[in-house]
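Visitor: I would like to learn how to read a model with two chains. Please take me through it one feature at a time.

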Protein chains: 2
Amino acid sequence: MGDVRVLEVKQSVFAENDRRAAALRERLKASGLYLLNLMSSPGSGKTTTLARTIEALGERLRIGVMEADIDSDVDARAMDALGVRAIQLHTGGMCHLDADMTAQGLEGLEPGGLDLAILENIGNLVCPAEFDTGAVKNAMILSVPEGDDKPLKYPLMFQVSDVVLINKIDVLPYFDFDLEACEERIHMRNPKAKVFPICATTGEGIDAWAAWLEAEVRAWQTE
Amino acid sequence: MGDVRVLEVKQSVFAENDRRAAALRERLKASGLYLLNLMSSPGSGKTTTLARTIEALGERLRIGVMEADIDSDVDARAMDALGVRAIQLHTGGMCHLDADMTAQGLEGLEPGGLDLAILENIGNLVCPAEFDTGAVKNAMILSVPEGDDKPLKYPLMFQVSDVVLINKIDVLPYFDFDLEACEERIHMRNPKAKVFPICATTGEGIDAWAAWLEAEVRAWQTE
C-alpha cells in the first residue's frame, strides 16, 4: 500500500488521432476545402444556426453539411430541404467524432467542388472537445438558457473553440445571463476566441458571423 | 434533394478496436490472467461491490484492480486500502475505455502473478457498451433505485453483459422495482446472462457471485 499510481491512458489514443487530424487538414488545404467543426450542447440551436448560415452564404459558397447523430437522420433531412449537399453520420452510441470518422464522413459527402463543409458534431460539451476532427477551425454554440458559467464548467470546450456563437440572445431579458461576464470567461479559456452574439430564429447577428466565416474560407483557399 | 444518405462512421473504428481486443484476450489467455470489465451507471455501487468481491476472493485469488475515471483517484485509493494491487486510469473526459487503453492500463498495473484483473469502467450505460475492452467477460451492475426498465432503455449494455448484478436489493420494498420482470428484460437482451441479486453494503448475495467469478477464473486458467 502507499501512493496509488495514476496512468493517463488517453495519451496514445490522442496522439494517433492528432496525426490523422493533421493529415486530413493537409488534404483539405491541398483541395481548397474548408472544414468547420460545430459543437454545442443538445438543444442549443445548432441546426437552426446552420440553416441561417446556409441562407446567408449559400449563394456565395458551395456548402456541404455532415450531420453527426447517434441514430436519427432528422437533421440531415432539414439540411437537404435547404438544398445543400448533406449526409448523416451515425456514430452508434459514440459521443464524439474523431479524425478518422470525420474523414470517412467527408468521403461519403463527396466534397468535390465544395468550398465549405460543416460538421455538426454530437450534442455534448465534453467528449467532442477531446478529439481533433481535422477541421480547420472549431466553432461552438452556447445558448443563453444554458447559463453564462459554462466556460467555467467546460474549460476544454472553450479552450479549443476558435469561435463562440452566443445564441438565443432574444431571451436575454428573461435569464440571469451576463453577456459581458460570459465573454470574459470565454477569453479566460481562449484569449483569441471570436465571440458573436446571435439569435438564430430571428437572424440577429448572423451577418457578422457569416462574414467572418466567408473570410476564413477565402483565406484558406488563397493563402 | 431526395433521400439523405446515412453513413455508419463508427464501423472502421470498431473493427480496429475489435482486432486489438481479440489480440489482448489472446495474450491474457497465454498468461493465465482473467480480465473482468465491470460497467454501470454512476452511483450504482461499483466500488462497494468490488470491495465485497475482494473480501470474498482475496485469499483465494491474486486480484488487481484498474479504476477508470475521468480525473479523480478516489476509487483506486479505496482499493489500495483493501490491500490489492490498484491503478487509476485517467481518461481525460472520454466516456469509455477501448482495448488499447485497457492494454495500457494492464501494463501499468504490472499484472505478473495476478489471477484476476478487474477493470472498473467509466460510470455510463452507453459508451462503454460500444467498445470491446479485451476483457474475458463483461459484468454490469444495475441498482434498484435506477429502475427495472433499464434493459429496455439501454439494450446494448445488457446485450453485451455476461453477468448482471442487481444491487441494493435491501431497498426493494421502497421502490417500484419488479425483480422478476427485470430478469426477464435482461434475458430478452441476452438469454445467457447470469443474474445475481446482491446487496453490496450488507454482503447479501455476494457469495454466489464470487463463486461464479472464481469458477470463471479457474476455467480460464486451465481449460
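Guide: This is a predicted model. Begin with the contacts inside one chain: in chain A, among those between residues at least 6 apart in sequence, 74% join residues at least 24 apart.

Visitor: What share of the residues of chain A count as buried?

Guide: Of its 223 residues, 48% do. As for secondary structure, chain A has 9 helices and 8 strands.

Visitor: How does the radius of gyration of chain A stand against that of a compact globule?

Guide: The rule for a compact globule of 223 residues gives a value near 17 Å, and chain A agrees, with 17 Å. Along the principal axes, its C-alpha atoms fill a box of roughly 65 × 45 × 35 Å.

Visitor: How should I read the relation between two copies?

Guide: Two copies of a chain are related by a rotation about an axis and a shift along it. Here a 180° rotation with a shift of 0.1 Å superposes chain B on chain A, at an RMSD of 0.0 Å. That is the relation of a two-fold axis. In chain B, the C-alpha nearest the axis belongs to C95(B), 3.9 Å away from it.

Visitor: Which strand of chain A pairs with β1(B)?

Guide: Strand β4 (residues 85-90) of chain A does, in the parallel sense over 4 bridges. H90(A) stands opposite E8(B) in β1(B).

Definitions and conventions: Residues numbered from 1 in each chain as written. Chains lettered and ligands numbered in written order. Predicted model: local features only at pLDDT ≥ 70, side-chain atom pairs only at ≥ 80, totals over all residues. Least-squares fit on C-alpha atoms with pLDDT ≥ 70 in both. Pairing = 2+ DSSP bridges. Helix = DSSP H or I, 4+ residues; strand = E, 2+ residues; numbered from the N terminus. Rg over C-alpha atoms; globule rule 2.2 N^0.38 Å. Buried ≥ 20, exposed ≤ 12 C-beta atoms within 10 Å, placed from the backbone. Contact = placed C-beta atoms within 7 Å.
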